[in-house]
Amino acid sequence: MKLQWTRLSVRFVVPLALVLALCAYVVVPLLDNLTLRWFVRDLDIRSRMLASTLEEPLLDHVTLKSRMRINQLFSKAIEDERLYALAFCDRNGNRLYATSTYPASLGCGEQNAASGGTDKSLVKLPRGPVHVARSTLSREGEAIGDLILVHDMSFIERRSADTRKYAIGFFILLGIVISMITVAVAQLSWRGWINGVRGMLKGELLPPSQSRPPPELSPLVGDLRALLHEYHRERQSHHDGAQAWTPERLRDLLRGELAGDEVIVVSNREPYSHRQTADGIEVSRPASGLVTAVEAVMRACSGTWIAHGSGNADREVVDERDCVPVPPGRPEYTLRRVWLSKEEEQGYYYGFANEGLWPLCHIAHVRPVFRSSDWEQYVKVNRRFADAVVAEARTDDPVVLVQDYHFALLPRMVREALPRATIITFWHIPWPNPESFGICPWREEILEGMLGSTILGFHTPFHRKNFLETVDRYLETRIESEASTVTHGGKLTQVEHYPISIAWPEASDVSSENRNECRLNIRKALAVPSSHLLGIGVDRLDYTKGIVERFQAIERMLELNPAMVGKFTFVQIAAPTRSSLEEYQNFEARVRALALRINQRFSEGNYVPIILKTEHHDQYALNRYYRAADVCMVTSLHDGMNLVAKEFIASRYDEKGVLLLSQFTGAARELHEALIVNPYHIEQSAEALYRALTMPEAEQRERMCSMRLLIKDFNVYRWAGHMLLDAARLRKRERVMQRIDLHHRAPALRRVV
Ligand code: GDG
């Protein structure tokens, strides 16, 4: 209400003030000037007429030197109230005759004189302004003298004041009228606009014929609806915070909300692979954020996980259905392996997924490569996995969790075979803007494939928005921004953001060493002094992770702070990945060469600033490094989320250590207490690294505590829980719709029977 009044008064006062200012600074001075010029011209003409009337008798009297007659003539003339004084001067400038009113200071009006004719001017006298005109009188062509006519100008001032008064009055009136019109028009159009926006946002005021917003509103509508949607979800997650997400709560949810429903996960990477070694078959877990997250969910819901069997001993441990119970030793769910030929793996995985979609979605300055032969394999392998899902499904409506960019086509394939399935697809990497995505020659097929999903999840609202905009650009769809849904070919897909996270480590996951033992043991293993400052980086050896930029920042920090040389060492754990691709081989060579150059530059005795470990480490080993480090550097050039950042925080029971985090990770949206950097800005990262290494313990603790609280609550169970809750809600709705549909069709059916 108060705002309304303020708005109204502003709308009234502003035009009024503008009109008055215009009046005071432009109109009134202009008017004064004009009236003055009119009156002066008037007096000029008047003076000339008077001079010619007086010329004849005056010259006669002057010739006779009759002072009395001249005085009489002058007195008669100045009876006119405007003519104030008269004087006659001879050619030598001697004033011979003048009325008593004639101001002596005017002399013979010389200062106003110009050669010949009638000269006029305004003169300010103590009694007020006067108009002085000098007219030369002549007889038979010979100039005899000058007649000086002085007119009183005070009446002009009076008239100007009157005119000014009327003008100001008129303009005030005009101002008020304009202000009132402005207020009225603004009110009407604002109300209309607001009603329009409200109607649009509610989607209820518009008749079907007008279901499109007016053109001036359409750019806003999408943004406003999306904003509302996000606000709504933020509020929901706030309420949700009261009860913590745990494996038990997830299990309860599966039992309660999705009672009896089977859960099938599809991913390229398998959670466990079996390898033949000299000591027999060994099991290993891959270095993958996706596996880390989804494994936690599978343990809670005991479903089936379908993945590519990539271990060289994988075939030896599966049953006749290609299944093996995992985790080894204490099985909780089933792993179903799909076998791929070398050719299939090359085309689908290395080719289309990792040389095409991966760089396409990350925009990390590596060009995507698209080959038709890779695409064909991609389609084929998606089909094979879809067939495996259908084969594994015991019911016609399983909940299928599809993981990542390897399976963009699978959701639609499964939907065609199992129309009642609930398909949740999670895209673990970023989604680019529509222009960048447009590079993909099969963009429509990819989008259509993904829209076979019931729910489509991204890490951040930004990626979700990019996806909706891409769909809008390249497909004929109906997008409801407020509900965040896309309808394509009569099928609805809910598009949401679900920030992925980690499982909060249990005591058994963490080494039994206390913090000090862990610090000392790790330093001892690295052969550095016990007081040494230690940094840690954990990434797959991927060009999106910003490892080169990280090393450059370390080099710059040592350059700027020579006291750190010999006191600080950075351990980079870089798990080999996609090593058969040339881009990755070149990248590894670059990382090695850079580390070597920096090490040579700063080495002192045994000391080197960078220790590069390009081999796989298990979670337990990683955890010990996290705990021993003073700083963890995550400098990805683009990253969907980044779980390493969250793992580092979760491992720090001592509430110490500093996280340096790239602004281009999904994690930076949540972990505000990290030192956020732009990894492309080497100086900035170098400064942040120095700041982290010298940060007082109290500040470290404050930042760490706050981030730990957040990660503990916003864990992977919550990620999965939210997706599954949304799925359960949609399944219920679907069932109700089916019942209603049956109910309506029943009488018709009965009639047919
Ligand atoms: C994709 C997106 C998104 C285990 N051993 C090693 C190792 N691990 C584990 C780490 C961590 C995971 O691998 C790496 O996770 P990230 O999230 O950092 O990265 P991506 O693999 O690229 O994962 C990413 C994620 O999916 C989940 O949605 O966050 O944005 O790109 O859990 O503990 N990691 C390395 N060496 C090992 O020896 N590097």
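Author: Start with strand pairing: two strands pair if DSSP finds at least two bridges between them. Helices (H or I, at least four residues) and strands (E, at least two) are DSSP runs, numbered from the N terminus. This is a predicted model, in which local features need pLDDT of at least 70 and side-chain atom pairs count only at pLDDT 80 or more, while totals for chains, interfaces and linings use all residues. Residues are numbered from 1 along each chain as its sequence is written, and side-chain values use heavy atoms, with hydrogens and water left out.

Reader: In what sense do strands β10 and β11 pair?
Author: Strands of a sheet pair through backbone hydrogen bonds, either parallel or antiparallel. Here β10 (residues 323-326) and β11 (residues 333-338) pair in the antiparallel sense, over 4 bridges. Pro325 has Thr334 in β11 as its bridge partner.

Reader: How many residues lie between the strands in that hairpin of β10 and β11?
Author: The hairpin has 6 residues between its strands. Gly329 takes a positive phi there, near 95°. Look also at Pro327, found in the loop between β10 and β11. The peptide bond from Val326 to Pro327 is cis, with omega near -10°.

Reader: Which residue other than glycine has a positive phi, near 65°?
Author: Most residues other than glycine have a negative phi, and most peptide bonds are trans. In this model, His365 has phi near 65°. His365 sits in the loop between α8 (342-362) and α9 (372-392).

Reader: How many residues are between β7 and β8 in their hairpin?
Author: This hairpin has 2 residues between β7 and β8. Strand β7 (residues 273-277) pairs with strand β8 (residues 280-284) in the antiparallel sense, over 5 bridges. Go along β7 and read off the partners in β8. His274 stands opposite Val283. Arg275 stands opposite Glu282.

Reader: Now the sheets. What is the order of the open sheet of 10 strands?
Author: The order is β10-β11-β9-β6-β12-β13-β14-β17-β16-β15, and the pairing is mixed. β10 and β15 (478-480) are the edge strands, and each pairs on one side only. The twist averages 20° from one strand to the next. For such values, axes are lines fitted to C-alpha atoms (for helices, over the stretch in contact), and angles run from 0 to 180 degrees between N-to-C directions.

Reader: In what sense do β13 and β14 pair?
Author: They pair in the parallel sense: β13 (residues 422-426) and β14 (residues 455-458) share 3 bridges. Thr425 stands opposite Leu456 in β14.

Reader: Is the pairing parallel or antiparallel in the open sheet of 6 strands?
Author: It is parallel, and the order is β20-β19-β18-β21-β22-β23. The edge strands, each pairing on one side only, are β20 (610-613) and β23 (675-677). Neighbouring strands of this sheet are turned by 20° against each other on average, direction ignored. Ile573 stands opposite Lys613 in β20.

Reader: Which residues come nearest to the ligand?
Author: A residue is near a molecule if one of its heavy atoms lies within 4 Å of it. Of the 25 residues around the ligand, the nearest are His428, Arg540, His617, Asp639 and Glu647. The shell divides into 10 nonpolar, 10 polar and 5 charged residues. Here Ala, Val, Leu, Ile, Met, Phe, Trp, Tyr, Cys and Pro count as nonpolar, Asp, Glu, Lys and Arg as charged, and the others, Gly among them, as polar.

Reader: Which helices and strands each supply at least two residues of the shell?
Author: α6 (289-301), β18 (533-540), α17 (619-628) and α18 (643-651) do. Domain 2 (250-338 + 395-497) and domain 3 (508-714) each give at least three residues to the shell; domain bounds come from an automatic or database assignment.

Reader: How far is an oxygen atom of the ligand from an N or O atom in the side chain of Asp639?
Author: A polar contact is a pair of N or O atoms within 3.5 Å; within protein, one must be able to donate a hydrogen and the other to accept it, and residues adjacent in sequence count only if both atoms are side-chain atoms. For Asp639 the distance is 2.5 Å. A side-chain N or O atom of Gln619 is 2.9 Å from a ligand oxygen. With Gly640, a polar backbone atom is 3.0 Å from an oxygen of the ligand. The protein covers 97% of the 720 Å² of accessible area that the ligand has on its own. Such areas come from the Shrake-Rupley method with a 1.4 Å probe; for residues, only the protein chains shown count as cover.
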